[in-house]
Amino acid sequence: MFDHLKPQPQDKILQLIQMFREDPRTTKIDLGVGVYKDATGLTPVMRAVKAAEKKLWEVETTKTYTGLAGEPAYNAALAGMILGDAVGMERVASVATPGGTGAIRQALELIKLATPEATVWLSNPTWPNHPSIIKYLGMKMAEYRYFDAETRGVDFGGLIEDLGAVKAGDVVLLHGCCHNPTGANLDAGQWAQVVTLLVARGAVPLVDLAYQGFGDGLEADAAATRLVASSFPEVLIAASCSKNFGIYRERTGILVGIGAADGKGVLQGNLNFLNRQNYSFPPDHGARLVTMILEDAALKADWQAELEEVRLNMLGLRKALADELRRVTNSDRFDFVATHRGMFSRLGLTEAQVVRLREEHGIYMVGDSRINIAGLNARTVPILAAAIAQVS
Ligand code: LMR
């Protein structure tokens with residue numbers, strides 16, 4: 001049997017982790033995978049998470065199964081954080097999932113179950129695992145223009161033109177905030193135009209919200225998702241707690257489905273069914289920590305304060321890098337770094353330049369020149385800027 005297996009393409013982001021590990025140079029700099037790091041290079045366990053874990057250890061009396069959809073308190077608390085009061089909860093079904101990837105996978109499986117012929121539209125570029133999972137599931141996909149390689153901002157004209165071809169029932173995957181991999185985002189007016197267009201086309205939005213709190217703040221980063229949630233008859237939202245709670249390995253996510261109130265029972269039943277088929281009960285530890293934090297005023301305040309520190313640190317690094325690049329290139333070519341939001345910026349370097357940065361300077365970034373801003377610190381910003389100036 002196994003001799004029928006063919007080698008699978010390696011995920012470029014995960015491949016980079018391995019290459020970085022194997023590089024013996026002590027001066028190497030990792031700007032690859034999207035993991036937050038503090039100034040010392042550590043991905044810390046957040047204070048509120050540690051406190052919740054300690055309390056959980058004391059009070060947890062059983063590890064028996066939770067609900068198939070996850071703990072109702074978790075789903076309610078996290079859906080509330082994402083949606084605010086944008087939609088009535090009588091329209092909202094949800095399941096806890098293993099991380100944001102689990103939520104994306106379950107969303108796509110639900111779409112396949114309901115409308116196997118639907119085309120899923122992806123921004124070009126997008127997170128590479130989006131097309132990979134869609135291909136694996138044998139679903140149809142199409143691309144809409146997103147990134148303007150000249151300005152390193154959003155190609156809004158191209159985006160609107162391409163999304164004009166969406167057919168009723170097609171699914172459009174939108175990054176709720178902090179676009180991965182580009183770091184370029186729609187402004188509020190552009191979001192409103194996209195929503196008006198997609199409502200008119202009869203599209204079903206699938207929002208990927210993996211970085212709430214990493215861009216302009218917890219509430220601001222949810223604004224587009226809330227606008228989408230309140231504008232369409234049917235919406236799917238795949239959200240992750242990996243980054244904003246720093247609980248990457250706990251695999252903590254949620255899939256939210258919004259539809260007609262009288263269809264909620266069937267929608268919820270299908271979400272439960274998909275959980276059962278794929279892994280039965282979703283992971284609980286991270287979800288329980290998130291619930292404890294969101295339900296406890298003191299823990300929540302401390303978590304929000306630390307998340308804000310993380311966000312402001314990344315914004316400071318953006319500004320420092322943009323300033324330094326302005327200085328060493330004597331141009332405004334890289335000013336966009338300061339206006340991008342989230343963990344990532346696509347620098348617009350060629351693949352050959354990215355290879356030179358890695359081989360000659362020990363600086364690791366994804367092949368499309370996406371950098372993880374949080375991989376930098378005050379010491380490495382000038383090193384990166386000088387290296388970019390040298391290769392570009
Ligand atoms: C990334 O894009 O680096 C993160 O979302 C991590 C991952 O799983 O790819």
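Predicted model: local features only at pLDDT ≥ 70, side-chain atom pairs only at ≥ 80, totals over all residues.
**Entry 1. Terms and model**

I count a residue as buried when its relative accessible area is under 20%, as exposed when it is over 50%, and as partly exposed in between (1.4 Å probe, protein chains only). I number residues from 1 along each chain as its sequence is written, and side-chain values use heavy atoms, with hydrogens and water left out.

**Entry 2. Asp30 and Lys37**

I looked up Asp30 and found a salt bridge to Lys37 (a side-chain nitrogen of Lys or Arg within 4 Å of a carboxyl oxygen of Asp or Glu). In this pair the closest N and O atoms are 3.2 Å apart. Both Asp30 and Lys37 are buried.

**Entry 3. Other salt bridges**

I then checked the accessibility of each partner. Glu219 counts as exposed because its relative accessibility is 52%, whereas Arg226, at 15%, is buried.

I next turned to Asp368 and Arg346, whose side chains meet in a salt bridge at 3.1 Å, N to O. This pair links distant parts of the chain, 22 residues apart: Asp368 sits in the loop between strand S12 (363-364) and strand S13 (370-372), and Arg346 belongs to strand S11 (residues 344-346). I take helices (H or I, at least four residues) and strands (E, at least two) as DSSP runs numbered from the N terminus. Asp368 has a relative accessibility of 25% and therefore counts as partly exposed; Arg346, with 17%, is buried. I also noted a network in which salt bridges with shared partners join Glu60, Lys63, Glu71, Asp284 and Arg288.

**Entry 4. The ligand**

A backbone N or O atom of Gly34 is 2.7 Å from a ligand oxygen atom. The side chain of Trp127 places an N or O atom 3.0 Å from an oxygen atom of the ligand. For Tyr211, I read 3.5 Å between a polar side-chain atom and an oxygen atom of the ligand. The ligand taken alone exposes 260 Å², of which the protein buries 80%. I use accessible areas from the Shrake-Rupley method with a 1.4 Å probe; for residues, only the protein chains shown count as cover.

**Entry 5. Backbone geometry**

I recorded two cis peptide bonds and two positive phi values. Most residues other than glycine have a negative phi, and most peptide bonds are trans.

The bond joining Asn124 and Pro125 is cis, with omega about 10°. Pro125 lies in the loop between strand S3 (119-124) and helix H5 (129-136). The bond from Asn180 to Pro181 is also cis, with omega near 20°. I place Pro181 in the loop between strand S7 (171-175) and H7.

Cys178 is buried, since its relative accessibility is 4%.

Arg152 is not a glycine either, yet has a positive phi of about 60°. I located Arg152 in the loop between strand S5 (147-148) and strand S6 (153-154). At 14% relative accessibility, Arg152 counts as buried.

**Entry 6. Gln193**

I found Gln193 in helix H7 (residues 188-201). Gln193 counts as partly exposed because its relative accessibility is 44%.

I noted a nonpolar surface patch of about 440 Å² made by Met1, Phe2 and Leu5. Such a patch joins nonpolar side chains (Val, Leu, Ile, Met, Phe, Trp, Tyr) within 5 Å, from residues with over 30% relative accessible area and no salt bridge. Phe2 occurs in the segment before helix H1 (12-22). Phe2 is exposed because its relative accessible area is 63%.

From UniProt (unreviewed entry) I took the feature "domain: Aminotransferase class I/classII large" at residues 27-388; such annotations may be inferred rather than shown by experiment. Across residues 27-388 I find 46% helix and 15% strand, with the end C-alpha atoms 16 Å apart.

Methods. Patch = residues over 30% accessible without salt bridge, like charges linked within 9 Å, V, L, I, M, F, W, Y side chains within 5 Å. Polar contact = N/O pair within 3.5 Å; in protein donor to acceptor, adjacent residues only side chain to side chain.
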